[in-house]
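Subject: Structure for you to look at

Hello,

Here is the structure we talked about. Please open it first, and then read the notes below beside it.

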Amino acid sequence: MRKQPPPLRKPPEVAGRLLDAQLHLLDRQLLDVDGVPVTTIDDLELSGPEHDEPIPEGAEAPRITALLTGPVLGTRIFGGRPPSNRLIRIPWSDVAEVGTVLRLGVKGESLDALWVERWLRDRVIGRIPGGSHDPE
Amino acid sequence: MILNDLLGSDVRDSDGGRLGEVSDARFALDGTPGQLLSDARLVGIVVSPRTAASFLGYERLGITQPWPVAQLLRWWHRGSFLVLWEDIARMDPDAVYLRPGYAAYEVGLQR
């Protein structure tokens, strides 16, 4: 049997912009500082609390520490989530703008999220004759 | 903590009564100013009594078009409310427990 909440109040005013994770962050595309697509945002990492531990009154609210991306297709279909060490972290401190897409203030070349593309470029594409320079 | 572990969890009051499911987490960009953006602080969780799924946020954004879709989704999410971080007592893997005497707030994002 579902219980009813108390009568709804007006939410308190906050100084900054409000973001709902599902509406404004998750599954959005992420572009680097040059507008190059990096990845999509699969999950968020928060600074706490740990599961099963009571939260003391007055505890500091968790913050977003990183955007997470990784191999989530299988777990979205079959349930669960990949182990956290398989997820690639992009620090929140690198995020410059939240809009229709999220923009980073750094180049994607420096991020772990693009290691597959870098590996393919260096190990496969670059070894194809003519693959290591611009077309003439 | 990983956010997807929280989304979809049951929400229970201090007596263990089920109130609904976590359908979203609300953040405010009012934390410590960073080099690019301020820290995003968890304001609270959006609780939906029927479903954890949320589609385009019709129930939170005041969107009225297309009319039949807006009406349907508002009806589906009726009774949704916001619970602030201060009223969360514990976050277990399967449920979020609220403090006694917690307050429920309107869920709209409009100011």
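A contact here means heavy atoms within 4.5 Å. The model is a predicted one.

Leaving out residues up to four places away in sequence, A:Asp94 touches A:Arg103, A:Leu104, A:Gly105, A:Val106, A:Leu111 and B:Leu36. Is A:Asp94 buried or exposed? A:Asp94 is buried, and yet it has no salt bridge. The nearest side chain of opposite charge is that of A:Arg118, 12 Å away. A salt bridge needs a side-chain nitrogen of Lys or Arg within 4 Å of a carboxyl oxygen of Asp or Glu.

Now the two chains, one at a time.

Chain A contains 3 helices and 8 strands. Their order along the sequence is β-α-β-β-β-β-α-β-β-β-α. Chain A is more spread out than a compact globule, because its radius of gyration is 20 Å, well over the 14 Å that the globule rule gives for 136 residues. Its C-alpha atoms fill a box of roughly 70 × 35 × 25 Å along the principal axes. Of the 136 residues in chain A, 36% count as buried. Among the contacts in chain A with a separation of 6 or more, 45% are between residues 24 or more positions apart. The accessible surface of chain A is about 8600 Å², and 53% of that belongs to carbon and sulfur atoms.

Chain B contains 3 helices and 6 strands. Reading along its sequence gives the pattern α-β-β-β-α-α-β-β-β. The C-alpha trace of chain B spans about 45 × 40 × 25 Å along its principal axes. Of its 111 residues, 56% count as buried. In chain B, residues 24 or more positions apart make up 51% of the contacts with a separation of 6 or more. Chain B exposes about 4600 Å², with 54% supplied by carbon and sulfur atoms. There are 11 positive and 14 negative side chains in chain B, and the centres of the two sets lie 6 Å apart.

Next, the salt bridges. Side chains of opposite charge can pair when their charged atoms come close. How many salt bridges are there over all chains? The count comes to 18. Three of them are described here, starting with a pair between the chains.

A:Lys3 and B:Asp15 form a salt bridge through their side chains, at 3.7 Å from N to O. This pair crosses between chains: A:Lys3 is in the segment before strand S1 (18-20) of chain A, while B:Asp15 is in the loop between strand S1 (10-12) and strand S2 (18-28) of chain B. A:Lys3 has a relative accessible area of 30%, so it counts as partly exposed. B:Asp15 counts as exposed because its relative accessibility is 66%.

B:Arg26 and A:Asp20 form another salt bridge, with their closest N and O atoms 2.7 Å apart. This pair also crosses between chains, from strand S2 of chain B, which holds B:Arg26, to strand S1 of chain A, which holds A:Asp20. Are these two residues buried or exposed? Both B:Arg26 and A:Asp20 are buried.

The next pair belongs to chain B. The side chains of B:Arg18 and B:Glu21 meet in a salt bridge at 3.2 Å, N to O. B:Arg18 is partly exposed because its relative accessible area is 23%. B:Glu21 has a relative accessibility of 19%, so it counts as buried; the cut-off for buried is under 20%. B:Arg18 and B:Glu21 are also part of a network of salt bridges that links them with B:Asp10 and B:Arg12.

A:Gly79 is partly exposed, as its relative accessible area is 42%. How far apart in space are A:Gly79 and A:Leu68, and what separates them in sequence? Their C-alpha atoms are 17 Å apart, and they are 11 residues apart in sequence.

Regards

Notes
Residues are numbered from 1 along each chain as its sequence is written. Chains are lettered from A and ligands numbered from 1 in the order in which they are written. This is a predicted model: local features need pLDDT of at least 70, side-chain atom pairs count only at pLDDT 80 or more; totals for chains, interfaces and linings use all residues. Side-chain values use heavy atoms; hydrogens and water are left out. Helices (H or I, at least four residues) and strands (E, at least two) are DSSP runs, numbered from the N terminus. The radius of gyration is taken over C-alpha atoms; the globule rule is 2.2 Å times the number of residues to the power 0.38. Buried means under 20% relative accessible area, exposed over 50%, partly exposed in between (1.4 Å probe, protein chains only). Accessible areas come from the Shrake-Rupley method with a 1.4 Å probe; for residues, only the protein chains shown count as cover. Lys and Arg count as positive and Asp and Glu as negative; His and the chain ends are not counted. The place of a charge is taken as NZ of Lys, CZ of Arg, CG of Asp or CD of Glu.
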